[in-house]
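Colleague: I'd like to go through the wording used for this model. Can you walk me through the terms, one by one?

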Amino acid sequence: MKKLLGFTCTICNKDLEWNPSTYTCPSCGTEGILDVKYDYEFLKGHIDKKYFAENKNYTMWRYAPLMSIEGKKLKQTLKVGWTPLYRSERLAKHLGLEKLYIKDDGLNPTGSLKDRASAVAVAKAMEAGWDTIACSSTGNAASSLAGNAASMGLKTVIFVPERAPQGKVAQLLIYGANVISVKGNYQQTFEMSAAAIEKWGWYNRNAAINPHLVEGKKTVSLEIAEQLEWQVPDWVVVSVGDGCTVAGVYKGFYDLHQIGLIDRIPKILAVQAAGCSPLYKAFLENKPFEPTEENTIADSIAVGVPRNPIKALRAVKDSQGTYITVTDEEILAAMKLLGSLEGIFGEPAGVTGLAGLIKALQEQTIVSTESVAFICTGNGLKDVQNAIQAAGEPLKLEPDVKELDKIDLFHNMK
Ligand SMILES: *Cc1c(COP(=O)(O)O)cnc(C)c1O
Ligand SMILES: [Zn+2]
């Protein structure tokens, strides 16, 4: 593929030649996560604003020319991407922000931003002739892989930690995945999947290891830029677990900047849960992360041993952004706020970015005159247990009309 120069290793910085079956750097082993490198001069000659203006494919595949795939069979996939970017009025006003945008990625086919990576994994696996894909996941990577694979007739083997919310496990089973629930934490689950992939030789969707998946995730930024007519906001806010999403967010803007479609890269506010924030600590102390406990309700970002730390730290640093943490209470409050003011229902990790934005405004890391895009990364229906915790129980009445007198309109029916 002409547009691709190859890979660069994130550890030793060595350049590797393009090879469709390369995952990681041969000198650095499985820690040697790769960046996909494009020939930006070549791309400049082929892709401009007019190209996109005339492109009628309103899925993430409209960006296939900026991705590391051939794209022969793409038409048959689920409709991933081109999720709405709303200009917020009520939430913006509530927060005192002049310009706030909400990218609702919970509207992807299986309900999370992970579909952007899974669609690539499925396309890649098919390109290379695999019939089985495997991964470990806190939940959404798994359910999105299972759904996207099912739509293409591929088999999946999925490892999830036992704490994965039921909604996500139900999705997996409905999509026909072979599900293995590991009685342990995410780290142990990941190790089990890695050993199984080694043993049986399946296609590996583990996002950090597979450099093409960040290339899928970056389409969220390509969309934000295009939906804002190439005028990027000052800040983009996103939650962080393994770090592949935030790496993708940065890579998307980086590529567009290299090609000259945008004039700057937004600052990234990367948000972790206070009960599990190894990357936040590493960023502030400017040293490698230390494994931590996974104490948060935001299961999708409860990652004590992040798999993509170098890219995740570098992305935020290079964007001149910062990391921040929020408590579970703040996450639940953000969930209620987003739902009641904007009609958008996010899962805990989906709204963690918003909780971080609120805190960043309080701390004046972000000021009211700056423009912000917040990415809601996952749908609230995946995890109703926590939603009920955020929203409380409804008023309960006997089926007797006299009971209606009990309703205090202003209090209960607001
Ligand atoms: C996976 C996920 C994230 C974080 O992505 P990482 O690549 O693990 O950092 C955030 N929100 C949701 C809903 C997710 O599923
Ligand atoms: Zn290397």
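Colleague: Why are α4 and α5 called oblique to each other?

Modeller: First, the ground rules. This is a predicted model, where local features need pLDDT of at least 70, side-chain atom pairs count only at pLDDT 80 or more, and totals for chains, interfaces and linings use all residues. Residues are numbered from 1 along each chain as its sequence is written, chains are lettered from A and ligands numbered from 1 in the order in which they are written, and side-chain values use heavy atoms, with hydrogens and water left out. Now the angle: the axes of α4 (residues 115-127) and α5 (residues 140-152) cross at roughly 45 degrees and come within 8 Å. Angles under 35 degrees count as roughly parallel, over 145 as roughly antiparallel, 65 to 115 as roughly perpendicular, and the rest as oblique. So α4 and α5 are oblique to each other.

Colleague: What are those axes, and what counts as a helix?

Modeller: Axes are lines fitted to C-alpha atoms, for helices over the stretch in contact, and angles run from 0 to 180 degrees between N-to-C directions. Helices (H or I, at least four residues) and strands (E, at least two) are DSSP runs, numbered from the N terminus.

Colleague: Which hand does the crossing of α4 and α5 have, and which residues make the contact?

Modeller: α4 passes α5 in a right-handed crossing; that term applies if the near helix is turned clockwise from the far one by less than a right angle, and left-handed if anticlockwise. On the α4 side the contact is made by D115, S118, A119, A121, V122 and M126, and on the α5 side by A141, S144, L145, N148, A149 and M152. Contact here means heavy atoms within 4.5 Å. By class that gives 8 nonpolar, 3 polar and 1 charged residues, where Ala, Val, Leu, Ile, Met, Phe, Trp, Tyr, Cys and Pro count as nonpolar, Asp, Glu, Lys and Arg as charged, and the others, Gly among them, as polar.

Colleague: Is N148 buried or exposed, and how do you know?

Modeller: The relative accessibility of N148 is 2%, so N148 counts as buried. The cut-offs are under 20% relative accessible area for buried, over 50% for exposed, and partly exposed in between (1.4 Å probe, protein chains only). Leaving aside neighbours within four places in sequence, N148 is in contact with L78, V80, T110, D115, S118, A119 and V122.

Colleague: How do you know that the length of helix α10 agrees with its residue count?

Modeller: The expected span is 1.5 Å times one less than the number of residues. For the 16 residues of α10 (residues 244-259) that should be 22 Å, and the end C-alpha atoms are 22 Å apart, so the two agree. α10 is also mostly covered, with 13 of its 16 residues buried. One residue in α10 is D255, which counts as buried because its relative accessibility is 1%. Not counting residues up to four places away in sequence, D255 touches Y38, Y40, L66, E215 and K218. Just after α10, G260 takes a positive phi of about 90 degrees.

Colleague: Which residues other than glycine have a positive phi?

Modeller: Among them are E229, at about 50 degrees, and Q320, near 65 degrees. E229 sits in the loop between α9 (219-227) and β10 (235-239), and Q320 in the loop between α12 and β12 (322-326).

Colleague: What makes E229 and Q320 buried or exposed?

Modeller: E229 has 63% relative accessibility, so E229 counts as exposed. Q320 has 64%, so Q320 counts as exposed too.

Colleague: What makes α11 oblique or perpendicular to α12?

Modeller: The axes of α11 (residues 278-285) and α12 (residues 309-318) come within 10 Å and cross at roughly 55 degrees. That makes α11 oblique to α12. L279, A282 and F283 of α11 make the contact with P309, A312, L313, V316 and K317 of α12. Those residues divide into 7 nonpolar, no polar and 1 charged.

Colleague: And how is α13 placed relative to α15: roughly perpendicular or roughly parallel?

Modeller: The axes of α13 (residues 328-342) and α15 (residues 384-391) cross at roughly 85 degrees and come within 9 Å. That makes α13 roughly perpendicular to α15. L332, M335 and K336 in α13 meet N386, A387, Q389, A390 and A391 in α15.
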